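Visitor: I have a protein on screen and would like to learn how to read it. Where do I begin?

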Amino acid sequence: MVYEKDVSRRAVLCGLALLTLGLIPENAIAASGVKVLANGKVEITLPKNPALKKVGGVVQFTNNQGIDIALVRTGKGATAFKALNLACTHQGYPLRKEGNKWVCDNHLSNFSIAGAVTKGPAESPLQNIPLKATRTKVTVG
Ligand code: FES
């Protein structure tokens, strides 16, 4: 029993150390209220995604073609959003969110949360996917 307690304490301390060092990947916020429309576009209901209330807020989802997409609030306006294809523009490796940026673990390119290249070797910004936004929903595709 004492051993289990020690292991548990060690596991917690290790986890805290890794979190402090930023070594545990941040979990992306999965979009809620996602509906795939008959035309293949994806509709995101804004009231169900509080992360999108603030500028720089992000939710992620995968469309019906298997493309990982980030919906990013880019401004205070009700329709200020970008939908970004989360494939690295260098060689297509999937990106992960780290703090306020997108990181490619393949060759370490970095992109701003709105998709601009901040560190190569990638040279092109993330692909923008067309969208239509209203005060209550964003339709992507
Ligand atoms: S595939 Fe992303 S940096 Fe090379």
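Guide: We go from the overall layout to a sheet, then to the core. This is a predicted model: local features need pLDDT of at least 70, side-chain atom pairs count only at pLDDT 80 or more, and totals for chains, interfaces and linings use all residues. Residues are numbered from 1 along each chain as its sequence is written.

Visitor: How many helices and strands does the protein have?

Guide: Helices (H or I, at least four residues) and strands (E, at least two) are DSSP runs, numbered from the N terminus. Here there are 1 helix and 12 strands.

Visitor: How do I read a sheet?

Guide: Strands of a sheet pair through backbone hydrogen bonds, either parallel or antiparallel. Two strands count as paired if DSSP finds at least two bridges between them. In this protein, an open sheet of 4 strands runs S3-S4-S5-S10, with antiparallel pairing. S3 and S10 (128–129) are the edge strands, each pairing on one side only. S5 and S10 are joined by 2 bridges. Leucine 84 has asparagine 128 in S10 as its bridge partner.

Visitor: Which residues have the most contacts inside the largest nonpolar core?

Guide: A nonpolar core is a set of buried Ala, Val, Leu, Ile, Met, Phe, Trp, Tyr and Cys residues joined through C-beta atoms within 7 Å. Buried means 20 or more other C-beta atoms within 10 Å of the residue's own, placed from the backbone. The largest core has 28 residues, and Ile69, Leu71 and Val72 have the most contacts inside it. S4 gives the most to this core, with 4 residues.

Visitor: What is leucine 71 in contact with?

Guide: Contact means C-beta atoms, placed from the backbone, within 7 Å. Leaving aside neighbours within four places in sequence, leucine 71 has contacts including Ala31, Ile44, Phe81 and Val140.

Terms used:
A residue is buried if 20 or more other C-beta atoms lie within 10 Å of its own, exposed if 12 or fewer, and partly exposed in between; C-beta atoms are placed from the backbone. Two residues are in contact if their C-beta atoms, placed from the backbone, lie within 7 Å.
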